[in-house]
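Open the model in your viewer and keep the selection panel handy. We will go from one selection to the next, with a short note on what you will find at each stop.

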Amino acid sequence: MKKVCAVLSVVALLAGGLTFPTHAVGLGVASASCATVYPDNDYFFAGLYSGRDFVAVAAATYGSGTPDYYAAVDAEIAYAQEALAASPYGGDDYYYYWGYRTGLRQSR
């Protein structure tokens with residue numbers, strides 16, 4: 001997602017610098033949409049960092065890129081998906097497991 005936002009920002013910047021004033025291109029809209037990827041929730045960020053930490057530990061334990069590493073991370077992603085589906089929408093568990101799954105997928 002970060003790469004997509006970066007590419008869109010560069011395209012908007014180039015188009016704005018070459019042909020239009022920057023306010024006509026809508027740079028404010030592009031940067032705002034990139035900034036709102038994550039919800040403003042402490043449980044989400046706790047889960048996000050826990051997911052990233054899990055992947056780092058799996059890499060240290062199994063070796064990054066090995067079949068055991070991918071099996072461990074994929075199993076944890078499946079667990080996070082099931083826990084997210086079982087959590088009531090908008091609750092603390094929902095945001096935690098959403099962040100956890102996101103952290104696992106980003107760091108994989």
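This is a predicted model: local features need pLDDT of at least 70, side-chain atom pairs count only at pLDDT 80 or more; totals for chains, interfaces and linings use all residues.

Start by selecting Arg101, which is buried yet has no salt bridge. Buried here means under 20% relative accessible area, exposed means over 50%, and partly exposed lies in between (1.4 Å probe, protein chains only). A salt bridge requires a side-chain nitrogen of Lys or Arg within 4 Å of a carboxyl oxygen of Asp or Glu.

Residues are numbered from 1 along each chain as its sequence is written, and side-chain values use heavy atoms, with hydrogens and water left out.

Stay with Arg101, which is found in helix α6. Helices are DSSP runs (H or I, at least four residues), strands are runs of E (at least two), and both are numbered from the N terminus. Setting aside neighbours within four places in sequence, Arg101 is in contact (heavy atoms within 4.5 Å) with Ala80, Gln81 and Leu84.

Now highlight helix α5, residues 67–86. Its 20 residues reach 29 Å from the first C-alpha to the last, close to the 28 Å expected at 1.5 Å a residue; that expected span is 1.5 Å times one less than the number of residues. Colour the buried residues of α5: Tyr69, Ala72, Val73, Glu76, Ile77, Ala80, Ala83 and Leu84. Look down the axis of α5 and these residues fall within an arc of 135°, so they line one face of the helix. The arc is that of the directions from the helix axis to the C-beta atoms. Turn the model around, and the face pointing away from the buried side of α5 carries the exposed residues Pro67, Asp68, Glu82, Ala85 and Ala86. To see what covers the buried residues, show α4 (42–62) and α6 (92–107), which are included in that cover.

What about the largest nonpolar core? Select Val55, Tyr69, Val73, Tyr97, Tyr100 and Leu104, which touch the most other members among its 15 residues. Such a core is a set of buried Ala, Val, Leu, Ile, Met, Phe, Trp, Tyr and Cys residues joined through side-chain atoms within 4.5 Å. Helices α4, α5 and α6 each supply at least two residues of this core, and the largest share, six residues, comes from α5.

Where do charged side chains meet? Select Arg108 and Asp74, whose side chains form a salt bridge (2.8 Å, N to O). The pair links distant parts of the chain, with Arg108 in the segment after α6 and Asp74 in helix α5, 34 residues apart. Arg108 counts as partly exposed at 41% relative accessibility, and Asp74 is partly exposed at 35%. The salt-bridge count comes to one.

Finally, zoom out to the whole protein, which has six helices and zero strands. Buried residues make up 28% of its 108 residues.

Note on methods:
Lys and Arg count as positive and Asp and Glu as negative; His and the chain ends are not counted.
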